[in-house]
Amino acid sequence: MKKFLIVGLGNIGEKYENTRHNIGFKVLDHFANQENLTFETQKLGDVTTYKLKGRTFLLLKPSTYMNLSGKSIQYWLTKEKIPVENLLVITDDLNLPFGSIRVKTKGSDGGHNGLKDTQNTLNTNKYNRFRFGISDAFSKGRQVDYVLGEWTPEETAKLKERLDKASEIIKSFGLAGINNTMNAFNGK
């Protein structure tokens with residue numbers, strides 16, 4: 001049985017629930033809702049398991065807050081004996097237009113503190129990541145307010161279709177592999 005760790009980055013707590021920075025949590029919540037899965041609070045995060053065609057997907061929403069995500073990711077990789085190549089980290093990206101998708105096998109943290117901590121904790125930048133574009137529609141000096149701000153009504157209207165696409169990406173990652181997933185979904 002092949003196992004995969006799918007991590008949605010975000011911050012715990014009601015005040016962060018509908019913020020752009022929490023798109024990782026939102027993607028996993030949408031996926032869980034579609035598949036009738038329920039998250040349980042466990043060590044360092046909320047976890048649920050999804051099985052499909054001989055594969056097990058462990059979905060994780062770290063409870064360590066964004067800037068310390070690596071601790072939770074490392075714990076669950078080790079506990080479940082999941083190789084780092086079967087890890088997919090879902091995060092927001094200011095450098096991509098809203099709703100854009102970029103799946104990569106490695107890269108820089110791009111100034112994202114959750115990715116920075118993950119890279120430092122895993123001691124590598126070679127792990128799969130799924131960046132969800134939130135755009136950079138903020139004025140100078142307003143980045144924190146923007147990423148921790150809530151979706152606009154226009155964004156909210158388009159979000160469901162993007163979240164459906166994100167669910168397809170998660171399944172594709174486990175079933176078709178990272179390279180086929182990149183080819184099928186990047187730029188879509």
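Modeller: Happy to! Lysine 61 lies over the face of phenylalanine 39, at 4.3 Å from the ring centre. A charge is taken to sit over a ring if NZ of Lys or CZ of Arg is within 6 Å of the ring centre and within 35 degrees of the ring normal. Arginine 129 does likewise with tyrosine 127, where the distance to the ring centre is 4.1 Å. Bear in mind that this is a predicted model, in which local features need pLDDT of at least 70 and side-chain atom pairs count only at pLDDT 80 or more, while totals for chains, interfaces and linings use all residues. Residues are numbered from 1 along each chain as its sequence is written, and side-chain values use heavy atoms, with hydrogens and water left out.

Lys61 is part of the lining of the second largest pocket, along with Asn11, Ile12, Gly13, Glu14, Glu17, Asn18, Asn22, Phe25, Lys26 and Asp29. On a 1 Å grid over the protein atoms alone, a pocket is an open set of points where a 1.4 Å probe fits, with protein on both sides within 12 Å along at least five of seven lines, and lining residues have an atom within 4 Å of a point. The space in this second pocket is about 180 Å³, a volume being the space filled by probe spheres set on the points, which are joined across faces, edges and corners. Its lining has five charged, four polar and two nonpolar residues; here Asp, Glu, Lys and Arg count as charged, Ala, Val, Leu, Ile, Met, Phe, Trp, Tyr, Cys and Pro as nonpolar, and the others, Gly among them, as polar. Helix H1 (residues 23-34) contributes the most to it, with three residues. Helices (H or I, at least four residues) and strands (E, at least two) are DSSP runs numbered from the N terminus.

Next, the rings themselves. Two rings of Phe, Tyr or Trp (its six-membered ring) pair if their centres lie within 6.5 Å, and planes under 30 degrees apart count as stacked, over 60 as edge-to-face and the rest as tilted. That rule gives nine aromatic pairs. One of them joins tyrosine 16 and tyrosine 65 edge-to-face, 6.5 Å centre to centre with 75 degrees between the planes. Tyrosine 16 is in the loop between strand S1 (2-8) and H1, and tyrosine 65 is in the loop between strand S4 (55-62) and helix H2 (69-79), so the pair ties together parts that are 49 residues apart in sequence. Tyrosine 16 counts as buried because its relative accessibility is 17%, with buried meaning under 20% relative accessible area, exposed over 50%, and partly exposed in between (1.4 Å probe, protein chains only). Tyrosine 65, at 40%, counts as partly exposed.

Tyrosine 50 and phenylalanine 57 make a tilted pair, 5.7 Å centre to centre and 50 degrees between the planes.

Now back to arginine 129. Arg129 is in contact with glycine 107, as are Gln119 and Asn125, leaving aside neighbours of the glycine within four places in sequence; contact means heavy atoms within 4.5 Å. Glycine 107 sits in the loop between strand S6 (101-104) and helix H3 (113-122), and its relative accessible area of 13% makes it buried.

Two asparagines are worth a glance as well. Asparagine 36, in the loop between H1 and strand S2 (40-42), has phi near 55 degrees, a positive value in a residue other than glycine. Asparagine 123, in the loop between H3 and strand S7 (128-133), has a positive phi of about 60 degrees. Both count as exposed, asparagine 36 at 71% relative accessibility and asparagine 123 at 70%.

Finally, the largest pocket has a volume of about 390 Å³. Of its 19 lining residues, His21, Gly111, Asn113, Gln143 and Val147 lie nearest its centre. Strand S5 (87-93) and helix H4 (143-147) are the elements that give two or more residues to this lining, and H4 gives the most, with three.
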